[in-house]
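Let's take a walk through this one together. Have a look at the chains below, and then we'll go from the overall picture down to a single residue.

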Amino acid sequence: MVLKVEDLHKTYAGNKVLNGVSFEIDRGQIKVICGPSGSGKSTLLRCLNLLTHPDKGRVWLEQQEITGEVDDVNKVRQKIGFVFQDFNLFNHLTALKNVSIALEIVRKMKRDEARDLALKELRKVNLADDAHKFPAELSGGQKQRVAIARALAMNPVIMFYDEPTSALDPHLIGEVLDVMKKLAQEKLTSLVVTHEIGFARSVADEIMFMGDGKILERGPPNQIIENPKHEVVQQFFKRINELYRRNE
Amino acid sequence: MAAFVEFLPYIFSGVVWTIGLVAGGIGIGFVIGLFMAIGQIYGGGEIKAIIHAYVWFFRSMPLLVLLFLFYWGVFPAIGYKLDPLACSIIVLGLRSGAYQSQIFRGAMLSLGDTQLLAARALGMSELRGIFHIVLPQALRISLPGWSNEYATMIKDSAITFTLGVLEILTRTRYVVMATHEPLIPYFFAGGLFVVLTYAGSKIVNTVYERTKTPGLVGRL
């Protein structure tokens, strides 16, 4: 077991964003979280790497409880690769430096060593040729791939993706999903918030559908997408399926 | 040849003093401003309140009042007899710190919180994130505002003639008193300020162009 979540609660300004979420992820598993906006998906991810503190509930990362007294929150976060919807690349640094800076500062690697590893990670996302470019010189798809390389370089035990393709132009989504699929096939444990049902269908072990701060329904991708039981989930996938068919 | 011409080199050597005042004032103000900007954004309630009061105080008082207050009042009261130059540099620095903190603060806020969030997600401490990720970007954004602060300070420095600091204006006044010829010496002094302001802005401009991140828009 890599990640275990038990009865997570979070309230923002009187609004119950998370209302009792529990699940587990085993090593090598890919789990996808779907749900309408405002259902608590992003808040859930941020509670899990302690960028936000949950009000109630417990989280374990590789047997270590991280919601209790944690010696060093930064150590916990180093084990979790986080990919943001809006990339959040460091704008003043080249693609290469974006990937290597945490290796130097956090992992205390030598500059050359960090650069070599960063280049290797950029090669993995097919961006070795653009290593010297700054974020403003890259397309959205390239930026997101740099962000994935940046997270991978820290050698995380699990990857969190927070709607990684939602800010992209449609023609750039594919290149990011391809990288994510490749990593999934390499059995990199991942928790993915996304509405890309094609991606979910091909690599996810389970889809968890969130609504009103809870997991409304969960199961294998085909079952959730084709035969959901919950009415909200039915409506949601009916709309997404229609959209998908139109695009195909 | 009029008598004042032979005094022009004397006025000119005031440039060194003026540059000393400005460099010292800007330097002290830079350190104070940077830490206050960080404190104002990331600090607790008490720290924020103290910084707010400091900024309010130094931005509300006329520079002349501050100079007299510190030279005749504050420093003697705490047992220091500072010479006019040292006192002037400190006062210019304390005051500039208040202004510079707002330049840096605005730049840091314009970055939004997502840059620091990304740094923290990689396992950087807040302090490391601020120094390695936020400040390098915020300082670049600050440069145009900072150039303005320099242009203001170079001219404000002339007020220290009231304490007898041997900068450009003080020397010019001595020459005028000795020669009874005000036009050319004051014109010369004014010209020196024009040149200093222009040169300083050019330097900041060059730094801005050199450190600009490729692809990001915006020029001075």
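This is a predicted model: local features need pLDDT of at least 70, side-chain atom pairs count only at pLDDT 80 or more; totals for chains, interfaces and linings use all residues.

A residue is called buried if 20 or more other C-beta atoms lie within 10 Å of its own, exposed if 12 or fewer do, and partly exposed in between, with the C-beta atoms placed from the backbone.

Residues are numbered from 1 along each chain as its sequence is written, and chains are lettered from A and ligands numbered from 1 in the order in which they are written.

So what is chain B built from? Its secondary structure comes to nine helices and zero strands (these are DSSP runs numbered from the N terminus, H or I of at least four residues for helices and E of at least two for strands). The C-alpha atoms of chain B fill a box of roughly 70 × 45 × 20 Å along the principal axes. Two residues are in contact if their C-beta atoms, placed from the backbone, lie within 7 Å. Among chain B contacts between residues at least 6 apart in sequence, 78% join residues at least 24 apart.

Now for a pair of helices. The axes of helix 8 and helix 9 (residues 183-211) of chain B come within 9 Å and cross at roughly 170°; axes here are lines fitted to C-alpha atoms, for helices over the stretch in contact, with angles running from 0 to 180 degrees between N-to-C directions. That makes helix 8 of chain B roughly antiparallel to helix 9 of chain B (over 145 degrees). Helix 8 brings residues including Ile168(B) and Val176(B) to this contact, and helix 9 brings, among others, Pro185(B) and Leu192(B).

Chain B also meets chain A, in a contact that takes 20 residues from chain B and 21 residues from chain A. On the chain B side, helix 6 (114-121) and helix 7 each supply at least two residues.

Finally, zoom in on Thr162(B), in the loop between helix 7 (126-156) and helix 8 (168-179) of chain B. Is Thr162(B) buried or partly exposed? Thr162(B) counts as partly exposed because it has 16 C-beta neighbours inside 10 Å. Leaving aside residues up to four places away in sequence, Thr162(B) touches Leu64(B) and Leu67(B).

How values were computed:
Angles under 35 degrees count as roughly parallel, over 145 as roughly antiparallel, 65 to 115 as roughly perpendicular and the rest as oblique.
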